[in-house]
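Have the structure open as you read.

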Amino acid sequence: MKRKTQQRQGIQSALGKAMGPLTIPEIHRAALDYSPGLGIATVYRTVRDMLEQGAILQIGIPGEIPRYEDAHRSHHHFFQCRVCSRVFEVHECPADLHRMVPEGFELEDHEVFLFGRCKDCRGGLTDAHP
């Protein structure tokens with residue numbers, strides 16, 4: 001197991017306080033509050049190590065670069081703003097997913113992604129975003 005450096009602790013703190021999964025650049029920006037002078041290469045290396053150790057999870061959103069979050073968060077889903085691209089956690093879960101599974105299939109897990117506008121981006125927009 002890797003020793004806990006100030007940089008790693010900064011990255012863990014940034015992910016722990018995030019409202020949703022973060023990209024590497026977002027992790028870097030947030031971790032600078034905890035570890036000034038942290039380099040982006042260190043973030044990439046530390047994230048890779050944390051993934052291998054199971055401390056964080058990679059979240060894949062179609063058409064997006066990978067995002068990462070603390071592996072110890074409770075079960076949740078995601079809302080992505082189509083204007084600013086930020087991703088937020090949603091703690092509600094759809095009811096009775098088993099009725100959606102094709103006959104003869106077995107449901108093992110699920111991920112739900114909701115898309116729309118976050119509260120910061122909703123005001124005053126009249127463009128074609130749904």
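A pocket here is an open set of points on a 1 Å grid over the protein atoms alone, with protein on both sides within 12 Å along at least five of seven lines. The model is predicted. In it, the largest pocket has a volume of about 270 Å³, and the second largest pocket holds about 190 Å³.

**Largest pocket**
- Its lining consists of 15 residues, and those nearest the centre are Ala-18, Met-19, Gly-20, Leu-22 and Glu-26.
- Helix H1 (6–17), helix H2 (24–31) and strand E4 (87–90) are the elements that give two or more residues to this lining.
- By class, the lining has 9 nonpolar, 1 polar and 5 charged residues.

**Second largest pocket**
- About 190 Å³ of space lies here, and of the 15 lining residues, Leu-57, Glu-69, His-75, His-76 and Phe-78 are the closest to the centre.
- At least two lining residues come from each of strand E1 (56–59), strand E2 (67–70) and strand E3 (77–81).
- The lining splits into 5 nonpolar, 5 polar and 5 charged residues.

**Packing of H2 and H3**
- H2 packs with helix H3 (residues 40–53) at an angle of about 115°, and their axes are 10 Å apart.
- The two helices H2 and H3 are therefore roughly perpendicular to each other, and their crossing is right-handed.
- On the H2 side, the contact is made by Ile-24, Pro-25, Ile-27 and His-28, and on the H3 side by Ile-40, Val-43, Tyr-44 and Val-47.
- These contact residues comprise 7 nonpolar, 1 polar and no charged.

Notes
Residues numbered from 1 in each chain as written. Predicted model: local features only at pLDDT ≥ 70, side-chain atom pairs only at ≥ 80, totals over all residues. Heavy atoms only, no water. 1 Å grid on protein atoms, 1.4 Å probe; cavity = no way out; pocket = protein on both sides within 12 Å on 5 of 7 lines; lining within 4 Å. Points joined across faces, edges and corners; volume = space filled by probe spheres on them. Helix = DSSP H or I, 4+ residues; strand = E, 2+ residues; numbered from the N terminus. Nonpolar A, V, L, I, M, F, W, Y, C, P; charged D, E, K, R; others polar. Axes fitted to C-alpha atoms, helices over the stretch in contact; angles between N-to-C directions. Parallel < 35°, antiparallel > 145°, perpendicular 65-115°, else oblique. Left-handed = near helix turned anticlockwise from the far one by under 90°. Contact = heavy atoms within 4.5 Å.
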